[in-house]
Amino acid sequence: MAQILAFSRSLHLQHTLRVSLASLCSRSMSSLDTRARAVFSAAVEGVQPDIVVRRSLERHGDKLLVGGQNFTLTNNLYLVGFGKAVLGMAAEAERIVGDHLIKGVVSVPHGIQKTLRNHGKEKMLLENNSRIAVMEGAKNNLPDTDAQKSAECIRELASGLTEKDLLLVLISGGGSALLPAPAPPMTLQEKQDVTRKLAAAGATIQELNTVRRALSLLKGGGLAQCANPAQVVALILSDVIGDPLDLIASGPTVRSDSKPEEVWDILDRYKLSGSLPSSVKEVLRPHYGSQVKEQPEVVKDHVLNVVIGSNTIALECASRKAVELGLRPVILSPGVCGDVRSVSRLYGVLSRFACSPEKEPPPELAAEILQLGPEVGVESWDLCRTMNVLVEEKKEGWGATCLLAGGEPTVHLTGNGRGGRNQELALRVGLELSSDEVKCGAVFLSGGTDGQDGPTEAAGAVVDRKLMEEATSQGLDIDGFLTNNDSFTFFSQLSEGRRLLMPGLTGTNVMDVHVMLLPPSAPRDFQ
Ligand SMILES: Nc1ncnc2c1ncn2[C@@H]1O[C@H](COP(=O)(O)OP(=O)(O)OP(=O)(O)O)[C@@H](O)[C@H]1O
Ligand SMILES: O=C(O)[C@H](O)CO
């Protein structure tokens, strides 16, 4: 009898323990979800247009300090800008330089002022008495006649400057479409056709912008050339992996050294060279390029290009937030790219590595991680460094790790659903975490820092190992949604959209941020 009582007491104890552990774990899940969202918000906050401008542009009386150089202000300042984030950058720059600003023009996305106002982001708008003209254009991120007019105004402003003047150029992602200046005799339509066909054929942003530079009067250093002999200072918010100055917005203030053969190679690669209109061929003829684009060395001396915001900076800010939240941060890389399937596999294997019950994770996991590296643009060195942190974490039991990465993976579209690369990545990582092999409570978030993932209202989504069970219990077939690239519909229907990341339009853009929170394997450490 005593044995039976002891057994039943032990059953009761086990049950109570299981219940309290489960509630502890589910509390930990929701707190990890909340913490992942807070880390993402900190990444976005760290690269807000006003903040990055304030950090890089200092005014002391009539001196402007930028990029370690001093410029004297004598009511000689002009401003131009183009890109998705330049409205907020321009508003802050005007607050800093005040009356020294004579005149400015910015080319910004169609409808952005209304959208920012609707999202309560008035501080990103210009004052009523601003000296900067705001021109909207490039509907759906495509160059159009409105953007061409803006580009013409920017060209006129730059061309009229003298050696006494200082031109502040604000540049951010989306700048290529907002500054179209087709080199004659090419028309805007002809130029647009070439870039659209290249993009549809899967050209990378490096390939696309190499061609755009060659077909434009203002890209590839053309704008700096127009402004000569004025001093040019460009503040750049980077949305390209590695922050290549000559490719962000197609480098209007950076002398382009690419040769016509490089451009032809790209056009050949995508089988477009045979079908080009004669105007495009004329622009790409070697002697034409050198006539239009030849830039004297002096232009280079008069240009200062400064990257003031990037994915790396966003990840550093996220990392600081992680520490505040009691997490141990490790930045994997700001250059994650490649097919979203390989990227999701990497995160799946990394979570298995971190959560394996042994103190030394199985070597085959490390081998697979290293094998995936080249496919997703991550160096072996960064993978090894990250794995070392995860192993140390296991041995010394520091608490949850916050693995951070950024970049821009690609989705090969096969369906016609609604989604974006962040939501699709999250969905695929959710499947990895739900698979039987993984027993840890990792939470994964993927979000676009501009707040808009593909043509959807969400920036991304947050997932964990419960995803599959949750979807199945609600009659949602994950594979079906994935085949149709319908990740937004999936996450909208799942649990009333709770897993969606909806920060609204953020007014900035430094590609995507990935956050994976890896709690320690031992349940006693969950909190
Ligand atoms: N239904 C979909 N599912 C998954 N990905 C999609 C879907 N539709 C579009 N995409 C992807 O979304 C991307 C375009 O989205 P978005 O407008 O956020 O681009 P972006 O590269 O962030 O632009 P920018 O850098 O100018 O802000 C493309 O890579 C495209 O493949
Ligand atoms: O505008 C562009 O070219 C892209 O956003 C890359 O900077």
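Trainee: Where is Pro185 found?
Mentor: Pro185 is found in the loop between H6 and helix H7 (188-200); helices (H or I, at least four residues) and strands (E, at least two) are DSSP runs, numbered from the N terminus. This is a predicted model, in which local features need pLDDT of at least 70, side-chain atom pairs count only at pLDDT 80 or more, and totals for chains, interfaces and linings use all residues. Residues are numbered from 1 along each chain as its sequence is written, while chains are lettered from A and ligands numbered from 1 in the order in which they are written.

Trainee: And the peptide bond from Pro184 to Pro185, is it cis or trans?
Mentor: That bond, from Pro184 to Pro185, is cis, with omega near 10 degrees. A cis peptide bond also joins Asn228 and Pro229, where omega is about 15 degrees. Pro229 sits in the loop between helix H9 (222-227) and strand E8 (231-237). Most peptide bonds are trans, and most residues other than glycine have a negative phi.

Trainee: What is phi of Ala249, then?
Mentor: Phi of Ala249 is near 50 degrees, a positive value in a residue other than glycine. Ala249 belongs to the loop between E8 and helix H10 (260-269).

Trainee: Is Ala249 buried or exposed?
Mentor: Ala249 counts as buried because it has 32 C-beta neighbours inside 10 Å. A residue is buried if 20 or more other C-beta atoms lie within 10 Å of its own, exposed if 12 or fewer, and partly exposed in between, with C-beta atoms placed from the backbone. Ser495, in the loop between helix H21 (487-493) and E14, has a positive phi near 45 degrees. Ser495 has 15 C-beta neighbours inside 10 Å and therefore counts as partly exposed.

Trainee: Moving to the ligands, which residues are around ligand 2?
Mentor: Ala249 is one of them, and the others include Ser176, Ile205, Asn209, Asp239 and Ser250; a residue is near a molecule or strand if its C-beta atom, placed from the backbone, lies within 6 Å of it. By class, this shell around ligand 2 has four nonpolar, six polar and one charged. Here Ala, Val, Leu, Ile, Met, Phe, Trp, Tyr, Cys and Pro count as nonpolar, Asp, Glu, Lys and Arg as charged, and the others, Gly among them, as polar.

Trainee: Which helices supply at least two residues each of that shell around ligand 2?
Mentor: Helix H6 (175-178) and helix H8 (205-214) do. H8 is largely enclosed by the rest of the structure, because eight of its ten residues are buried. Among the buried residues of H8 are Ile205 and Asn209.

Trainee: What about ligand 1, how many residues surround it?
Mentor: Ligand 1 is surrounded by 22 residues, and the closest are Val411, Gly419, Glu424, Gly454 and Asn485. Its shell comprises three nonpolar, 13 polar and six charged residues.

Trainee: Why does ligand 1 lie between domain 1 and domain 2?
Mentor: Ligand 1 lies between them because domain 1 (49-181 + 216-255 + 295-309) and domain 2 (312-525) both give residues to its shell. The domain bounds come from an automatic or database domain assignment.

Trainee: How far apart do the C-alpha centres of domain 1 and domain 2 lie?
Mentor: The C-alpha centres of domain 1 and domain 2 are 34 Å apart. Their contact takes 18 residues from domain 1 and 14 residues from domain 2, where two residues are in contact if their C-beta atoms, placed from the backbone, lie within 7 Å.

Trainee: Changing topic to sheets, in what order do the six strands of the open sheet run?
Mentor: The order is E10-E11-E15-E12-E13-E14, with mixed pairing; two strands pair if DSSP finds at least two bridges between them. Strand E10 (328-336) and strand E14 (500-501) are the edge strands, each pairing on one side only. Strand E12 (residues 443-448) pairs with strand E15 (residues 512-518) in the antiparallel sense over six bridges.

Trainee: Which strands does helix H18 (residues 421-434) lie across?
Mentor: Helix H18 lies across E12, strand E13 (460-464) and E15, and runs at about 5 degrees to E13. Helix H17 (residues 380-396) lies across E10 and strand E11 (401-407), at about 160 degrees to E10. Axes are lines fitted to C-alpha atoms, for helices over the stretch in contact, and angles run from 0 to 180 degrees between N-to-C directions.
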